[in-house]
Amino acid sequence: MNPIPLGLLGAGLGAGIAVLGAGLGIGKLAASAMEAMARQPEAAGGIRTAMIIAAAFIEGVALFACVICMLMAVK
Amino acid sequence: MAKETLTKIIAENQGHNQNNQNTGAASEQNVQSSGEHTNTATNEHGKKEMTSQDVFPAVLGHLGDHRELTFFDIHICNLPVIIYDKKEGFHSYSSMESMESKQTFTTVHGHPPIIRKSDMQPVSLDLSITSLLCFEWIAGFLIFSVLAIAARKYKKNPKKAPSGLQNAVEALILYIRDDAIFPNISSKRAAKGLFPYFIALFFFILGCNLLGLVPGGHTATGALAVTGALAITAFFVINITAIRETGIKNWLKHLLGGAPWWLCFIMIPIEIISMFVKPFALTIRLFANMTAGHVVLFSLVGLIFFFNLSSGFTGGLIISPISVAFSLFMYSLDLFVAILQAYIFVILTAVFVGLAIGDHAEEHEEAHSH
């Protein structure tokens, strides 16, 4: 089995799984944020800020994986 | 410079060399706008025929850095090449062609070409002006003029309620101050001192991102070097502010992370790594968010050219409505992401500064009792 098509396949699979993880994580985060905002509408501003910060962290980790997959794909 | 090696490797795989760089770029005009497209832009300047294999590398080559300033393939000017080398000294040429004709430095084929000395050793310092740098300057100048107009309107009449441009600028600044900076940084003195830095950071990143979204523009923050520089600045701001606010002993104590002293063997490496990982995450987050949106946009519009070349005119015609519709959707998403990522960079830097200062700040200020 030659390595180049396998490497490209690995890069594609890696990016897909990374997006899967990010989607699950941010979905859970958004669900609990919505619930908290519905419970206490006057705290919505603080919850919104915290939600954005947490989403940025999760997305950052997923983007690490995407960058590694990009590097794999062009080498 | 990983971006440059990326694009260089993509282009090398397709057998491009420097002579065809301009023809490849010229044959792909109008690709950078998502809303407009033509099906006839393939062979206008071509010295060689474009096959369907060359479409995507040529399109994605737009994302990198260039030595000439181009806007929508209108070649504005050739940018100067400024090189400093330990052996050869300081050289500056007015363009790549004049550098090649002098024969002191040669280029290794790539996209953009990498400068080497005559014995194929890399140069010490390549300070040349490239197109991304020009776009950063344009962004800086635009932001400066917008903010200066708003500030002048405020100075003329401080008591009047703001309206128009001044209102918009003040709304943004107040939103950053009251939501991002002051709640996160516990020491008021540090927050007031760092406030201009955060405003400059936010407007600079916003300007660079938005300029990249203008059809025909290049995203300066889509280069790893630019976001890396912003993150290195943030790293120094975070640590120097922490040392200034709480003293160097407290900063060193923070490296323990609040655990008892006998856990220091595990905690200190973890804390040091986390100190370096935070700016690294900032870099990668901004870079990947900007570049990913543009890659998807270029690929979607490049599909039209690809189908045009591989299945004739009708192929391109059929794929156009789908491609344009998706491109419009991705364009609006990219616009949202551009604004959001600028805000997230600023708020995360503020959170890191707040974490580095910790809650010692209040006790420390009272203890000094100014």
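Predicted model: local features only at pLDDT ≥ 70, side-chain atom pairs only at ≥ 80, totals over all residues.
**Stop 1: helix 1 of chain A**

Stay on A:Leu13. Is this residue buried or exposed? A:Leu13 has 11 other C-beta atoms within 10 Å, so it is exposed. Exposed here requires 12 or fewer such atoms. A:Leu13 and A:Ala73 are separated by 60 residues in sequence, and their C-alpha atoms are 11 Å apart in space.

Move to A:Val19. This residue is also found in helix 1 of chain A. With 14 other C-beta atoms within 10 Å, A:Val19 is partly exposed. From A:Val19 to A:Glu59 the C-alpha distance is 8.9 Å, across 40 residues of sequence.

**Stop 2: where the chains touch**

Show both chains. On the chain B side, 14 residues are in contact with 12 residues of chain A. Two elements of chain B give two or more residues to this side: helix 1 (2-13) and helix 9 (264-357). Select helix 9 of chain B, which gives the most, with 10 residues. Colour the chain B side by class.

**Stop 3: chain B as a whole**

Chain B holds 10 helices and 7 strands. Of its 370 residues, 36% count as buried. Take the contacts in chain B between residues at least 6 apart in sequence: 69% of them join residues at least 24 apart.

**Stop 4: helix 5 of chain B**

Select residues 131-156 of chain B. This is helix 5, with 26 residues. From first C-alpha to last, helix 5 reaches 37 Å, close to the 38 Å expected at 1.5 Å a residue.

Which residues of helix 5 of chain B are buried? Show side chains for B:Ser131, B:Leu132, B:Phe135, B:Glu136, B:Ala139, B:Ile143 and B:Ala150. What do these buried residues pack against? Their partners in chain B are strand 1 (68-71), helix 6 (165-181), helix 7 (188-213) and helix 8 (224-254).

**Stop 5: helix 6 against helix 7**

Two packed helices are described by the angle between their axes and the distance between the axes. Select helix 6 and helix 7 of chain B. Their axes come within 11 Å and cross at roughly 125 degrees. Helix 6 and helix 7 of chain B are therefore oblique to each other. Their crossing is right-handed.

Zoom in on the contact. From helix 6 of chain B come B:Ile173, B:Ile176, B:Arg177 and B:Ile181. They meet B:Ala191, B:Phe195, B:Phe198, B:Ile199 and B:Phe202 of helix 7. By class, this contact has 8 nonpolar, no polar and 1 charged residues.

**Stop 6: helix 6 against helix 9**

Keep helix 6 of chain B on screen and bring back helix 9. The axes of these two helices of chain B come within 10 Å, crossing at roughly 40 degrees. Helix 6 and helix 9 of chain B are therefore oblique to each other. Helix 6 of chain B passes helix 9 of chain B in a right-handed crossing.

Which residues meet here, between helix 6 and helix 9 of chain B? On helix 6, pick B:Ile176, B:Ala180 and B:Ile181. On helix 9, pick B:Val346, B:Ile347 and B:Ala350. The contact has 6 nonpolar, no polar and no charged residues. B:Ile176 and B:Ile181 meet residues of helix 7 of chain B, and they meet residues of helix 9 of chain B as well.

Notes
Residues numbered from 1 in each chain as written. Chains lettered and ligands numbered in written order. Contact = placed C-beta atoms within 7 Å. Helix = DSSP H or I, 4+ residues; strand = E, 2+ residues; numbered from the N terminus. Expected span 1.5 Å × (residues − 1). Buried ≥ 20, exposed ≤ 12 C-beta atoms within 10 Å, placed from the backbone. Axes fitted to C-alpha atoms, helices over the stretch in contact; angles between N-to-C directions. Parallel < 35°, antiparallel > 145°, perpendicular 65-115°, else oblique. Left-handed = near helix turned anticlockwise from the far one by under 90°. Nonpolar A, V, L, I, M, F, W, Y, C, P; charged D, E, K, R; others polar.
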